[in-house]
Amino acid sequence: MRNIMITLGEYIIKNQADYPSATGELSSLLSSIRRAAKIVNREINRAGLVTDIIGGSNGSENVQGEVQQKLDVFANDMFKNALEARGEVCGIASEEEDHYVAFDDERQSNAKYIVLMDPLDGSSNIDVNVSVGTIFSIYRRVSEPGQPVTMDDFLQPGVNQVAAGYVVYGSSTMLVYTTGNGVHGFTYDPTLGSFCLSHENIRIPEQGYIYSINEGNYIRFPEGVKKYLKFCQEKDESSKRPYSSRYIGSLVSDFHRNMLKGGIYIYPSGTNSPNGKLRLLYECNPLAFMAEQAGGKATDGFRRIMEIKPTELHQRTPYFVGSIDMVNKADEMMAEFSSHE
Ligand code: P6P
């Protein structure tokens, strides 16, 4: 008898039963993310067919100065509206929003969670049919309930996260999340319209044999990264080197592959980007929480990512994440060869 698949909704409720202190609000919040992910998934799958409506760029730029794809904006609005509608969230921050957005009607201002998200990471890949992803990070508010959220609610270190996850819209669509009790993956079954448990308790191999980095930027890398890349590329059969280079150019996809197979993803600082490219709050922290929950590691080459105290909503950080032995080796070379800016 084939195991009857448990859906994400059932899993959340089952897990909630295991935590009597849980009041169901986080479960309801996760369900609103699940709902928005299904809608975004549907539109991504149609993007090639309805480019005049959804696909392509909308001609404007976000705060990052990046050309906004229509689906970026669509995904941002879908997740924002879904989170606002449920009443568990008092505010959100997003790569697509210059400032944080306070949900301040009576019900929401008493809600206890805030959410930070990259609604559609890697969206420039949509037009060439390469997988993209959504990343989300959930905290308890620190400001007074009943009052509008403040910037302090959003500038919390990653260690304060209560939940985090991503959706990868790939050959199949998966939602992967943690609430601090392991990492669990659900695969979308479009015939059921449900995310079904497919990867319970994901563990990232301590040692992997894949490295993900844009080697086109090699001349701009810190010396420690150059040395680490050469380490990955030299022949040493006992340690299964040279490793394989795999770089999709879509963070969630590279991260997801490395979570399942082992590997390291690196987006370091460069002479043209002193803090790298990736955003601490809604890209690096949520994936760091998941990596650590799966037995992996995430640093900026020197420090644990989740201990960095944020100072700005859209601040960037160099990023080394994945199999713990590989991140440790890269950090070792950063310490030996690159000064800590
Ligand atoms: P580059 C996509 O824009 C993104 O934020 C990540 O998804 C991806 O890993 C990275 O940037 C790609 O950046 O500079 O290598 O093209």
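Trainee: What is the relative accessibility of Tyr-209?
Mentor: First, this is a predicted model: local features need pLDDT of at least 70, side-chain atom pairs count only at pLDDT 80 or more, and totals for chains, interfaces and linings use all residues. Residues are numbered from 1 along each chain as its sequence is written, and side-chain values use heavy atoms, with hydrogens and water left out. Buried is under 20% relative accessible area, exposed is over 50%, and partly exposed is in between (1.4 Å probe, protein chains only). Tyr-209 counts as partly exposed because its relative accessibility is 31%.

Trainee: How many aromatic pairs does a search of the whole structure find?
Mentor: Rings of Phe, Tyr and Trp (its six-membered ring) pair if their centres lie within 6.5 Å; planes under 30 degrees apart are stacked, over 60 edge-to-face, and the rest tilted. On that basis the number of aromatic pairs is ten.

Trainee: How many residues apart in sequence are the parts that Tyr-11 and Phe-186 tie together?
Mentor: Tyr-11 and Phe-186 form an edge-to-face pair, 5.3 Å centre to centre with 70 degrees between the planes. Helices (H or I, at least four residues) and strands (E, at least two) are DSSP runs numbered from the N terminus. Tyr-11 lies in helix α1 (residues 8-17) and Phe-186 in strand β9 (residues 183-189), so the sequence separation bridged by the pair is 175 residues.

Trainee: Are Tyr-11 and Phe-186 buried or exposed?
Mentor: Take each ring in turn. Tyr-11 is buried, and Phe-186 is also buried.

Trainee: Which residue forms an aromatic pair with Tyr-209 at 5.9 Å centre to centre?
Mentor: The geometry is edge-to-face, with 65 degrees between the planes, and the partner is Tyr-243. Tyr-209 is in the loop between β10 (194-199) and β11, and Tyr-243 in the loop between α6 and β12, so the pair ties together parts 34 residues apart in sequence.

Trainee: Which backbone nitrogen does the side chain of Asn-214 reach?
Mentor: Asn-214 sits in the loop between β11 (210-212) and α6 (223-233). The unreviewed UniProt entry lists Asn-214 under "binding site", and such annotations may be inferred rather than shown by experiment. At 2.9 Å, its side chain reaches the backbone nitrogen of Gly-216.

Trainee: What is the relative accessible area of Tyr-247?
Mentor: Tyr-247 is in the loop between β12 (244-245) and α7 (251-261). Its contacts (heavy atoms within 4.5 Å) beyond four places in sequence include Asn-214, Asp-254 and Tyr-265. Tyr-247 is partly exposed because its relative accessible area is 31%.

Trainee: Which residue in β5 is the bridge partner of Ser-94?
Mentor: Strand β3 (residues 89-94) has six of six residues buried, so the rest of the structure largely encloses it. Two strands pair if DSSP finds at least two bridges between them. Five bridges join β3 to β5 (residues 113-121), and the two run parallel. In β5, Ser-94 has as its bridge partner Met-117.

Notes
Polar contact = N/O pair within 3.5 Å; in protein donor to acceptor, adjacent residues only side chain to side chain.
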